Amino acid sequence: MNKKINVLRERLFNMEDFSHRTKEGKNKRFIYANKNLYTGTNPQIRALEILKTLNQIKQDKIKGFEGVGGWKDKKTGIYYADFYKSTDSKREAIKEAKKLKELAIYDSKKQKEIIIKP
């Protein structure tokens with residue numbers, strides 16, 4: 001396994017906030033999840049499945065997203081790892097995130113999360 005995958009695995013298993021853009025990533029301002037990879041309090045329980053998915057990302061075998069990221073909700077201790085897309089439209093990001101019942105989007109320019117009101 002290469003160094004980049006090892007770093008992603010380490011951050012995910014340590015439940016750290018991270019973001020990794022793929023080659024297709026467009027570097028737009030607002031980031032929103034478009035598919036969940038993991039939700040819970042111990043990602044190591046699904047280690048084999050997660051590592052397999054990270055390897056497929058490395059090999060460009062999974063399409064339809066721009067990156068993968070992890071985020072820990074400080075209030076609940078729940079960790080989320082998601083595939084994501086990005087847009088320059090805050091309205092579009094919120095609309096898409098609400099479809100998946102996401103709690104927040106991320107503003108990469110201001111480096112902060114934006115909580116979505118239900």
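Start by selecting Glu-102, which sits in the loop between helix H3 (90-99) and E5. Keep in mind that this is a predicted model.

Is Glu-102 buried or exposed? Glu-102 is buried, yet has no salt bridge. Look for the nearest side chain of opposite charge: that is Lys-101, 11 Å away. Now show what surrounds Glu-102. Setting aside neighbours within four places in sequence, its contacts are Ala-33, Asp-82, Ala-97 and Ile-116.

Next, go to Lys-109. You will find Lys-109 in the loop between strand E5 (104-107) and strand E6 (112-115). Lys-109 counts as exposed because its relative accessibility is 64%, and the cut-off for exposed is over 50%. Together with Lys-109, they form a positive surface patch.

Now move to strand E1 (residues 18-21) and pick His-20. His-20 has 16% relative accessibility, so it counts as buried; the cut-off for buried is under 20%. Which residues does His-20 touch, leaving aside its neighbours within four places in sequence? Select Lys-4, Leu-8, Glu-66, Gly-67, Val-68 and Tyr-84 to see these contacts.

Stay with one of those contacts, Val-68. Val-68 belongs to strand E3 (residues 67-72). Its relative accessible area is 0%, so Val-68 is buried.

Last stop: draw a line between the C-alpha atoms of Val-68 and His-20. Along the chain these residues are 48 residues apart.

Conventions:
Residues numbered from 1 in each chain as written. Predicted model: local features only at pLDDT ≥ 70, side-chain atom pairs only at ≥ 80, totals over all residues. Heavy atoms only, no water. Patch = residues over 30% accessible without salt bridge, like charges linked within 9 Å, V, L, I, M, F, W, Y side chains within 5 Å. Areas by Shrake-Rupley, 256 points an atom, 1.4 Å probe, with all protein chains shown as cover. Salt bridge = Lys/Arg side-chain N within 4 Å of Asp/Glu carboxyl O. Lys, Arg positive; Asp, Glu negative; His and termini not counted. Charge placed at Lys NZ, Arg CZ, Asp CG, Glu CD. Helix = DSSP H or I, 4+ residues; strand = E, 2+ residues; numbered from the N terminus. Buried < 20%, exposed > 50% of the residue type's maximum accessible area, 1.4 Å probe, protein only. Contact = heavy atoms within 4.5 Å.
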